[in-house]
Amino acid sequence: VDGYIAEIIQALQSAGILQDTLIIVTADHGGWMFGHGMNNEACVYIPAIFYGAGVKKGCSLNQTYVTDQDFAPTMLNALGLNKGRFMRGKVVEALYC
């Protein structure tokens, strides 16, 4: 996976758009599989890496709960847009810590 991400970063850099790009790497963690619900630790902690435009160096999400519903508001915020009023989720603070 690291090699593919490096290729993506290199392509963005070659195109001259890396400085304007927010890269989010995450995984399908099966959050609602088999009815675990939000009380299950495996469902609350979503692996996520944020890199690029707007991300502050040295920020860590290790102690922050991130749900799948937080990605859209975070991406909209990075674009300078507000989330829809019926949209669930919050802006991931790693971008602004």
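Residues are numbered from 1 along each chain as its sequence is written, and side-chain values use heavy atoms, with hydrogens and water left out. Because the model is predicted, local features need pLDDT of at least 70 and side-chain atom pairs count only at pLDDT 80 or more, whereas totals for chains, interfaces and linings use all residues.

The secondary structure of the protein consists of three helices and two strands, where helices (H or I, at least four residues) and strands (E, at least two) are DSSP runs numbered from the N terminus. Along the sequence these elements follow the pattern α-β-α-β-α. Of the 97 residues of the protein, 22% count as buried; here buried means under 20% relative accessible area, exposed means over 50%, and partly exposed covers the values in between, with a 1.4 Å probe and protein chains only. Among the contacts with a separation of 6 or more, 42% are between residues 24 or more positions apart, a contact being heavy atoms within 4.5 Å.

Helix α3 spans residues 71-78, and in this helix F71, P73 and T74 are buried. Seen down the axis of α3, these buried residues fall within an arc of 165 degrees, so they line one face of the helix; the arc is that of the directions from the helix axis to the C-beta atoms. As background, an α-helix has 3.6 residues a turn, so residues three or four places apart point the same way. The buried residues of α3 pack against β1 (22-26) and β2 (48-52). After the helix comes G80, whose phi is positive, near 80 degrees.

What does F71 touch, not counting residues up to four places away in sequence? Its partners are I24, T26, I46, A48, F50 and V66. F71 also belongs to the largest nonpolar core, which it makes up together with I46, F50, V66 and V92, five residues in all. Such a core is a set of buried Ala, Val, Leu, Ile, Met, Phe, Trp, Tyr and Cys residues joined through side-chain atoms within 4.5 Å.

L76 also has its place in helix α3, but L76 is partly exposed, with a relative accessible area of 23%. Not counting residues up to four places away in sequence, L76 touches L81, N82, K83 and M87. The C-alpha atoms of L76 and V91, which are 15 residues apart along the chain, are separated by 8.7 Å.

T74, another residue of helix α3, is buried, with a relative accessible area of 0%. A polar atom of the T74 side chain lies 2.7 Å from the backbone oxygen of D70, where a polar contact is a pair of N or O atoms within 3.5 Å; within protein, one must be able to donate a hydrogen and the other to accept it, and residues adjacent in sequence count only if both atoms are side-chain atoms.

D70 itself is found in the loop between β2 and α3 and counts as buried at 2% relative accessibility. The structure holds one salt bridge, defined as a side-chain nitrogen of Lys or Arg within 4 Å of a carboxyl oxygen of Asp or Glu. D70 forms this salt bridge with K90, the closest N and O atoms being 2.9 Å apart. The pair links distant parts of the chain, for D70 is in the loop between β2 and α3 while K90 is in the segment after α3, 20 residues apart. K90 counts as partly exposed, at 40% relative accessibility, and the side chain of D70 also reaches the backbone nitrogen of K90 at 2.7 Å.

Two loop residues complete the tour. A27 lies in the loop between β1 and α2 (41-44) and, at 38% relative accessibility, counts as partly exposed. Leaving aside its neighbours within four places in sequence, A27 is in contact with I46 and P47, and the C-alpha atoms of A27 and P47, 20 residues apart along the chain, are separated by 6.3 Å. V55, in the loop between β2 and α3, counts as partly exposed at 22% relative accessibility, and its C-alpha atom is separated by 7.9 Å from that of L22, 33 residues apart along the chain.
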